[in-house]
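Have a look at the model first, and then read on.

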Amino acid sequence: MAPIAVGDVLPDGTLSYFDADDKLQQVSVHSLAAGKKVIIFGVPGAFTPTCSLKHVPGFIEKAGELKSKGVDEIICISVNDPFVMKAWAKTYPENKDVKFLADGSATYTHALGLELNLGNKGLGTRSRRFALLVDDLKVKAANVESGGEFTVSSADDILKAL
């Protein structure tokens, strides 16, 4: 399957998270993105060095600036279960704007065409590192990294696309 690209309609899918009352919830991507300007960024794994030290903090730090440019939602997805995503989100107590959503079986990541096979490293199927800018379900920017790089999918890169 070809990776999602500029001009594509964002596929729908279901992701999981724990709400403020610690109840497991499921949410459709379209319910979060329809009629809105959203950023969806994906990372290979929670608690991994580049994801935890660079990618996620960049979106947390730039959230105000992104929102001032019309972004309604900032969504981080990873091929991890919702328990892991909840624990990872708690490591960012300053975060008020980035939603951490779990794609436990990589079903949504596969629908985006952005799965990454890391089975040879004992990590199974993961997500490629990416950042999408989506306006009312239409992809306006699709910044997808090659291999283990972190050169095109940062919050600053998305700011340039706004």
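Two residues are in contact when they have heavy atoms within 4.5 Å of each other. Among contacts in this protein between residues at least 6 apart in sequence, 63% join residues at least 24 apart. Please keep in mind that this is a predicted model.

**The overall build**

The protein has six helices and nine strands. Its radius of gyration is 14 Å, close to the 15 Å that the globule rule gives for 162 residues, so the protein is as compact as a globular protein of that length. Along the principal axes, the C-alpha atoms fill a box of roughly 40 × 40 × 25 Å.

How much of the protein counts as buried? Of the 162 residues, 46% do.

**Looking for empty space**

Rolling a probe the size of a water molecule over the atoms shows where empty space is left. Here are the spaces to explore.

| Space | Volume |
|---|---|
| Largest cavity | about 30 Å³ |
| Largest pocket | about 340 Å³ |
| Second largest pocket | about 290 Å³ |

Let's begin with the cavity. The count comes to one cavity of 30 Å³ or more. Which residues line the largest cavity? They are Leu 15, Val 29, Leu 32, Ile 40, Ile 75, Ile 77, Leu 101 and Tyr 108. By class, the lining has eight nonpolar residues, with no polar and no charged ones.

Now for the largest pocket. It is lined by 16 residues, and those nearest its centre are Tyr 17, Phe 18, Ala 89, Lys 99 and Phe 100. The elements that give two or more residues to the lining of this pocket are β1 (14–18), α4 (82–89) and β5 (98–102). Helix α4 supplies the largest share, with four residues. Sorted by class, the lining of the largest pocket has 11 nonpolar, no polar and five charged residues.

The second largest pocket is also lined by 16 residues. Nearest its centre lie Pro 44, Thr 48, Leu 118, Arg 129 and Gly 148. Which helix gives the most to this lining? It is α2 (residues 49–61), with three residues. The residue classes in the lining of the second largest pocket are six nonpolar, five polar and five charged.

**Two backbone angles to notice**

Most residues other than glycine have a negative phi. With that in mind, find Ala 106 in the model. Its phi is near 65°, a positive value in a residue other than glycine. Ala 106 sits in the loop between β5 and α5 (107–112). Is Ala 106 buried or exposed? With a relative accessible area of 5%, Ala 106 is buried.

Next, look for Leu 137. Leu 137 is not a glycine, yet it has a positive phi of about 75°. Its place is in the loop between β8 (130–135) and β9 (138–144). A residue is called buried when its relative accessible area is under 20%. Leu 137 has 15% relative accessibility, so it counts as buried.

Terms used. Residues numbered from 1 in each chain as written. Predicted model: local features only at pLDDT ≥ 70, side-chain atom pairs only at ≥ 80, totals over all residues. Heavy atoms only, no water. 1 Å grid on protein atoms, 1.4 Å probe; cavity = no way out; pocket = protein on both sides within 12 Å on 5 of 7 lines; lining within 4 Å. Points joined across faces, edges and corners; volume = space filled by probe spheres on them. Nonpolar A, V, L, I, M, F, W, Y, C, P; charged D, E, K, R; others polar. Rg over C-alpha atoms; globule rule 2.2 N^0.38 Å. Buried < 20%, exposed > 50% of the residue type's maximum accessible area, 1.4 Å probe, protein only.
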